[in-house]
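The following account leads a new reader through the architecture of a protein model. Please keep the sequence and the three-dimensional view at hand while reading.

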Amino acid sequence: MMSIKWKGIVVIYENILVEKRGNVALITLNRPKALNALSPDLMRELSSAVDILEPDSTVGCLVVTGSEKAFAAGADIKEMKTKSYMDVYMSDFITAEWERIARCRKPVIAAVAGYALGGGCELAMMCDFILAAENAKFGQPEINLGIIPGAGGTQRLPRFVGKSKAMEMALLGQARIMDANEAERSGLVSRIVPLNELVDEAVSTGQKIADLSQPIVMMAKESVNRAYETTLNEGIRFERRLFHSAFSTEDQKEGMSAFSEKRKPKFKNK
């Protein structure tokens with residue numbers, strides 16, 4: 001059990017660890033005996049943490065990680081196996097809690113080591129990009145349980161790796177696991193990092209983002225995400241409007257002045 005005080009708020013977590021490193025919030029999934037299986041309690045805590053961290057002006061980026069053995073080996077099957085259709089439908093299972101990471105306006109980096117299977121793979125894909133250790137393994141084995149991926153696996157995975165690989169992974173389940181090298185070649189992960197450097201590198205990367213203008217970072221994230229949700233023409237139009245609006249910020253004036261004066265910019269997030 002972990003108790004943290006954040007901006008005067010005391011929160012108790014049993015399934016995650018939360019710490020601040022510089023201007024980066026590091027969230028560690030912490031159910032080692034269950035290979036970080038994503039139980040409803042863990043996902044509620046993760047959503048709660050994002051609710052606290054997103055509006056915190058001293059946090060410019062979030063990093064989500066697990067253990068060296070498993071980022072998350074999937075959803076908690078023991079908690080799911082007795083649920084009925086009405087149980088999952090009326091509770092809006094997955095949608096109610098899991099998508100909070102995807103809705104975060106601030107950048108979220110997934111630092112993945114070991115297994116990222118089923119819901120673990122889907123959670124990683126909800127983040128803005130993935131840094132993977134050499135031992136990372138990705139898969140969607142839900143079909144072996146008599147279900148299909150339900151947290152975006154059939155939708156986000158094809159957008160990352162293409163239809164053919166995504167279809168093969170969804171249909172073969174545990175017989176088709178993607179290792180870190182293939183995941184990088186396929187575009188699922190941004191880059192591969194040595195296991196013993198993974199978290200530090202993710203935090204360092206997050207700090208580089210956090211040092212930039214928060215509103216401009218948010219605009220860049222929103223614009224890239226729009227590429228997956230609309231046509232090219234509409235995406236270009238959306239990008240152009242955000243680009244124009246950046247010129248209304250103090251940070252744009254500071255950034256361009258600093259470049260002209262050959263100095264480091266001092267952004268005010270305004």
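**Sheets, helices and selected residues**

Strands E7 and E9 run parallel and are joined by four bridges. Within this pairing, Ile109 stands opposite Phe129 of E9. The model described here is a predicted one.

Strands of a sheet pair through backbone hydrogen bonds, in either a parallel or an antiparallel manner.

These strands belong to an open sheet of six strands, ordered E3-E4-E5-E7-E9-E12, in which the pairing is mixed. At its edges are strand E3 (16–21) and strand E12 (191–193), each of which pairs on one side only. On average, neighbouring strands of this sheet are turned by 25° against each other, direction ignored. Strand E9 (residues 129–133) is connected to E12 by three bridges, and the two run parallel. Leu131 is the residue that stands opposite Arg191 in E12.

Helix H1 (residues 40–53) lies across E3, strand E4 (24–29) and strand E5 (61–65), and it runs at about 20° to E3. Helix H9 (residues 198–210) also packs on the sheet, where it touches E3, E4, E5, strand E7 (108–112), E9 and E12. The direction of H9 makes about 155° with that of E9.

A further sheet is open as well and has four strands in the order E6-E8-E10-E11, with mixed pairing. Strand E6 (70–72) and strand E11 (178–179) stand at its edges with a single partner strand each, so one side of each has no neighbour in the sheet. Strand E10 (residues 137–139) and E11 run antiparallel and are joined by two bridges. In this pairing, Lys137 stands opposite Asp179 of E11. Helix H5 (residues 119–126) packs on this sheet and touches E6, strand E8 (115–117) and E10. The direction of H5 makes about 90° with that of E8.

Attention now turns to a pair of helices. Two packed helices are described by the angle between their axes and the distance between the axes. Helix H10 (residues 214–226) packs with helix H11 (residues 232–246) at an angle of about 175°, and their axes are 9 Å apart. Because angles over 145 degrees count as roughly antiparallel, H10 is roughly antiparallel to H11. On the side of H10, the contact is formed by Ile216, Met219, Glu222, Ser223 and Arg226. H11 contributes Gly235, Phe238, Glu239, Leu242, Ser245 and Ala246. The residues of this contact between H10 and H11 comprise five nonpolar, three polar and three charged.

Helix H10 also contains Gln214. With a relative accessible area of 15%, Gln214 falls under the 20% limit and therefore counts as buried. Its side chain reaches the backbone oxygen of Ser57 at 3.0 Å. If neighbours within four places in sequence are left aside, Gln214 is in contact with Ser57, Val59, Gly60, Lys106 and Asn269.

Asn269, one of the residues in contact with Gln214, is found in the segment after H12. The phi angle of Asn269 is near 60°, a positive value in a residue other than glycine. Is Asn269 buried, exposed or partly exposed? Its relative accessible area is 34%, so Asn269 is partly exposed.

Lys262 likewise lies in the segment after helix H12 (250–260). Although Lys262 is not a glycine, its phi is positive, at about 55°. Lys262 counts as exposed because its relative accessibility is 80%, and the cut-off for that class is over 50%.

Note on methods
Residues numbered from 1 in each chain as written. Predicted model: local features only at pLDDT ≥ 70, side-chain atom pairs only at ≥ 80, totals over all residues. Heavy atoms only, no water. Axes fitted to C-alpha atoms, helices over the stretch in contact; angles between N-to-C directions. Parallel < 35°, antiparallel > 145°, perpendicular 65-115°, else oblique. Contact = heavy atoms within 4.5 Å. Nonpolar A, V, L, I, M, F, W, Y, C, P; charged D, E, K, R; others polar. Buried < 20%, exposed > 50% of the residue type's maximum accessible area, 1.4 Å probe, protein only. Polar contact = N/O pair within 3.5 Å; in protein donor to acceptor, adjacent residues only side chain to side chain. Pairing = 2+ DSSP bridges.
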